[in-house]
Amino acid sequence: SVYWVGEVARQRGRIDQAAAQFREYRRLAQRMIDADAGEPRWQLEGVYAASNLGIVELEQARYAEAARTFQASVDAMVALTAAQPANREFQELQLEALAYDADALDGAGKIDLAIQQRERQLTLLAPFLAQPRQDADLRRHAMIANMALSHLRFRRGESKRALDHAAAAVDIGRQLVELEPASADWAGRSANALLNQALLLLRTGNAAEARNATDEGCSLANRL
């Protein structure tokens, strides 16, 4: 009930009220964990509570606090995934926690730590992406992580690595479109990856290549 009151407040734009409810949600989840620390369901409630609170803290631009909140989610999911490495839900939650933590760290000005969390995402995804039949949703995670890394690396002055990540995101986007040509979601994400690549190419003085990426991205966008 506390969660839903907070979620309704968030949807209505009452961010401070939502934050108060999600803090209460987290307190209640922690009481369940303290009562039975070995129960995965209660551990998951703690993760959900932290994720919701962290998202609101991001909206409040409280980046340092959000980073600490999401780090708690990351730590909990590392433990849960280690206990059940084949659990797909746990894998997804760990990837999402790392992504949110990276965004919060970036907002707090801790670019190197944000890069580390995004790299951890790609490390976790590597075994799945090496399989002949890759999961589309996991590829989506890899595409977003590469796009984020392209901007983080560029801001660190690492232009070559930034462009490598941008190109990797474009390649994954093309794979997703080939996998499901009628999907508006994949087409939109692929177009976004191409335009992201074009932006970085332009900023690094590669105008001709930027034009090609822009044309391909706009062509995909026009299909939508």
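Relative accessible area, computed with a 1.4 Å probe on protein chains only, classes a residue as buried under 20%, exposed over 50% and partly exposed in between. The model is predicted, so that local features need pLDDT of at least 70 and side-chain atom pairs count only at pLDDT 80 or more, whereas totals for chains, interfaces and linings use all residues. Residues are numbered from 1 along each chain as its sequence is written, and side-chain values use heavy atoms, without hydrogens and water.

In one of them, arginine 62 pairs with glutamate 65, with the closest N and O atoms 2.4 Å apart. Arginine 62 is partly exposed at 27% relative accessibility, and glutamate 65 is likewise partly exposed at 30%. Glutamate 39 and arginine 41 form another salt bridge, at 3.2 Å between the closest N and O atoms; arginine 41 is exposed, with a relative accessible area of 53%.

Aspartate 112 and arginine 156 also meet in a salt bridge, at 2.7 Å from N to O. Aspartate 112 belongs to helix α6 (residues 111-129) and arginine 156 to the loop between α7 and α8 (159-179), so the pair ties together parts 44 residues apart in sequence. Helices here are DSSP runs (H or I, at least four residues), numbered from the N terminus. Both partners are partly exposed, aspartate 112 with a relative accessible area of 44% and arginine 156 with 39%. Salt bridges with shared partners join Glu7, Arg10 and Glu59 into one network.

Key:
A salt bridge is a side-chain nitrogen of Lys or Arg within 4 Å of a carboxyl oxygen of Asp or Glu. Helices (H or I, at least four residues) and strands (E, at least two) are DSSP runs, numbered from the N terminus.
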